[in-house]
Amino acid sequence: MPPTTARERARAELTSEITDRARAQLATVGAAGLSLRAVARELGMASSAVYRYFPSRDELLTRLIIDGYDALGVAAEAADDPTATPRERWSAICRAVRSWARAHPHEYALLYGSPVPGYSAPRDTVPAALRVGMALGRVLGDAARAGDLPPAAGTPTGTVTPEVAPVLGGEDPALDDRVRARALLAWSGLFGTVSFELFGHFTGAVADADAFFDDAMRDLAGLVGL
């Protein structure tokens, strides 16, 4: 619910200023160097005032992580056109993830880069972190329910938990353990590919990054049967 009173609006505006400054810090000192005192100094505030909004660096990091996952999720969801073919929908979501990561490299690094020493993300971050997976899962579930998802070959592996079902397409006879295991592999493959590109691991190995990415995403779509 949006803020309604003047006090609530003022608090929301200052909270936004704090997180904006903190995001700028990610680009200069990285997540490990994030400092509430430095943010307060840049805003011309007493550090005690900033602590009223974020009592610790970890709480500020958590807010930045949730905001980052939500922004990435919004980009992925906005790219999905339910009228397109499942394969086209899958590729569009994947391209949106890559585009967001390239436009926000420091925020992406906070989400998928090196862990911040001394920080452990709380469960509060999980719903936002699942948004891209759920966008891909909707494509998979829609394809299954439309009869466009062939059964996976082989026997169920028993390697994924029941908790992945609501994320990766919901319940359908075509979405068995084998398909969900491949979907989980494809989901992680998307972020592995983006991370390799963003962190420079493809340097000297990939001649055309755009073409390589599109080919890789089509291969991952084929892996799950799209």
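At what angle do helix α1 and helix α2 pack, and how far apart are their axes? Select residues 6-29 for α1 and residues 36-43 for α2: they pack at an angle of about 115°, with axes 10 Å apart. That makes α1 roughly perpendicular to α2, a label for angles of 65 to 115 degrees. The axes are lines fitted to C-alpha atoms, for helices over the stretch in contact, and angles run from 0 to 180 degrees between N-to-C directions.

Before you go on, a word about what you're looking at: this is a predicted model, where local features need pLDDT of at least 70 and side-chain atom pairs count only at pLDDT 80 or more, while totals for chains, interfaces and linings use all residues. Residues are numbered from 1 along each chain as its sequence is written, and side-chain values use heavy atoms, with hydrogens and water left out.

**Stop 1: where α1 meets α2**

Show side chains for Glu-17, Ile-18, Arg-21, Ala-22 and Gln-25 in α1; they meet Ala-38, Val-39, Glu-42 and Leu-43 in α2. Contact here means heavy atoms within 4.5 Å. Colour this contact by class and you'll get five nonpolar, one polar and three charged residues. (Ala, Val, Leu, Ile, Met, Phe, Trp, Tyr, Cys and Pro count as nonpolar, Asp, Glu, Lys and Arg as charged, and the others, Gly among them, as polar.)

**Stop 2: the whole chain**

Zoom out and switch to cartoon: the protein chain has 10 helices and zero strands. Both are DSSP runs numbered from the N terminus: helices are H or I with at least four residues, strands E with at least two. The C-alpha trace spans about 60 × 45 × 35 Å along its principal axes.

**Stop 3: two domains**

Now colour 1-55 as domain 1 and 62-224 as domain 2; these bounds come from an automatic or database domain assignment. Their C-alpha centres lie 31 Å apart. The contact takes 10 residues from domain 1 and eight from domain 2. About 780 Å² is buried between them, with carbon and sulfur atoms giving 79%. (Buried area is the accessible area, with a 1.4 Å probe, that two parts lose on being put together, summed over both.) Pick out Arg-23, Leu-26 and Ala-31: they supply 53% of the area that domain 1 buries against domain 2.

**Stop 4: α4 and α6**

Finally, select residues 57-79 (α4) and 105-112 (α6), whose axes come within 10 Å and cross at roughly 110°. That makes this pair roughly perpendicular. Among the residues meeting here are Leu-61 and Tyr-69 in α4, and Leu-110 and Tyr-112 in α6.

Methods: Angles under 35 degrees count as roughly parallel, over 145 as roughly antiparallel, 65 to 115 as roughly perpendicular and the rest as oblique.
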